[in-house]
Amino acid sequence: MSDLVKREFDVLAPNGSNYLAWSIDAEILLASKDLLRMIKPKDDKDKSTPAEQAIALHILRHHLSTTLKNEYMTERNPKVLWDLLHERFEKIETVLLPHVKHEWANLRFQNLKTVKDYNTALYGITTWMKLCGLKLEDKNLIEKTLSTFHPNLRYISRQYKKDNYKKYVGLSNAMQQDQGDDETTMQNHLSRPTGTVATPEANATSFKNKKDIKGKDLRKILME
């Protein structure tokens with residue numbers, strides 16, 4: 001049976017594997033309703049009404065898995081419930097960290113189909129690393145990306161290195177633009193095979209793309 005009230009974020013898994021992200025989402029939601037003090041009172045003077053405690057408790061329980069909800073069924077104080085979950089799962093990063101490090105070590109740009117797919121994997125891993133207490137700098141992201149191009153296309157990596165990007169977002173935007181240029185060039189070629197007569201406008205567009213690409217054929221990477 002579906003829940004009558006829509007959840008604002010994913011429920012806390014029975015094994016607490018998503019506790020780090022869950023706790024942040026829970027704090028944000030409670031803060032938006034001026035109920036953060038229900039689980040994190042600033043001092044003893046932070047008074048709360050039974051209604052406020054009931055709302056905070058409902059929010060926490062509504063975002064627990066059925067297993068955890070049943071385990072803590074008798075707990076009626078939101079702060080006590082929060083503290084119990086924190087005590088139980090606060091060290092989950094020690095379990096997750098080896099896995100996250102493994103994912104980072106094995107991340108390869110050449111293994112993803114598009115720049116967008118690569119960024120999704122990259123930011124997913126770096127977010128979990130940050131939650132586990134490890135923060136990567138832009139230079140780390142740039143080095144990881146440019147060092148994992150296909151070996152046959154190292155010249156493209158060297159061209160990006162020469163641009164001396166300081167922020168990963170700058171490198172990412174350039175790669176996505178080049179990828180789009182490559183796709184447009186390929187589409188123009190497929191729509192007007194070699195030997196056919198193209199319109200002057202189409203030739204102008206194709207020439208512009210070749211000029212912008214500057215030898216960076218990212219499509220070759222994506223087709224490997």
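**Aromatics first**

A: Happy to. Tyr19, Trp22, Trp82 and Phe89 form one aromatic cluster. Keep in mind that this is a predicted model.

Q: Nice. How many aromatic pairs does the structure hold?

A: The structure holds seven of them. One is formed by phenylalanine 109 and tyrosine 118: their ring centres lie 5.2 Å apart and their planes stand at 85 degrees, over the 60 degree cut-off, so the pair is edge-to-face.

Q: And are phenylalanine 109 and tyrosine 118 buried or exposed?

A: Phenylalanine 109 has 0% relative accessibility, so it counts as buried. Tyrosine 118 is buried too, also at 0%.

Q: What does phenylalanine 89 touch, leaving aside its neighbours within four places in sequence?

A: Its contacts are Leu12, Pro14, Asn15, Gly16, Tyr19 and Leu68. Take glycine 16: it is 73 residues away from phenylalanine 89 in sequence, yet the two C-alpha atoms are 5.8 Å apart in space.

Q: OK, zooming out. What is the chain built from, helices or strands?

A: Helices: there are 11 of them, and zero strands. Buried residues make up 35% of the chain's 224 residues.

Q: Let's look at H1. What is its span from first C-alpha to last?

A: Helix H1 covers residues 19-32, so to speak 14 residues, and reaches 20 Å, close to the 20 Å expected at 1.5 Å a residue.

Q: Which residues of H1 are buried?

A: Tyr19, Leu20, Trp22, Ser23, Ala26, Leu29 and Leu30. Tyr19 and Trp22 also belong to the aromatic cluster.

Q: What do the buried residues of H1 pack against?

A: Four partners are listed here: helix H2 (50-62), helix H4 (78-89), helix H5 (92-105) and helix H6 (115-131).

Q: New topic: backbone angles. What is phi at aspartate 34?

A: Phi of aspartate 34 is near 60 degrees, a positive value in a residue other than glycine. Aspartate 34 follows H1 and is in the loop between H1 and H2. With a relative accessible area of 55%, over the 50% limit, this aspartate is exposed.

Q: And what about phi at asparagine 164?

A: Asparagine 164 is not a glycine either, and its phi is positive, about 55 degrees. Asparagine 164 is in the loop between H8 and helix H9 (168-191). Its relative accessible area of 47% falls between the 20% and 50% limits, so asparagine 164 counts as partly exposed.

Q: Where is histidine 150?

A: Histidine 150 is in the loop between helix H7 (138-146) and helix H8 (154-162). Its relative accessibility is 17%, so histidine 150 counts as buried. A polar atom of its side chain lies 3.0 Å from the backbone nitrogen of asparagine 152.

Q: Last one: what lies over the face of tryptophan 104?

A: Lysine 144 does, at 5.0 Å from the ring centre.

Definitions and conventions: Residues numbered from 1 in each chain as written. Predicted model: local features only at pLDDT ≥ 70, side-chain atom pairs only at ≥ 80, totals over all residues. Heavy atoms only, no water. Helix = DSSP H or I, 4+ residues; strand = E, 2+ residues; numbered from the N terminus. Buried < 20%, exposed > 50% of the residue type's maximum accessible area, 1.4 Å probe, protein only. Contact = heavy atoms within 4.5 Å. Phe/Tyr/Trp six-rings, centres within 6.5 Å; stacked < 30°, edge-to-face > 60°. Lys NZ or Arg CZ within 6 Å of the ring centre and 35° of its normal. Polar contact = N/O pair within 3.5 Å; in protein donor to acceptor, adjacent residues only side chain to side chain.
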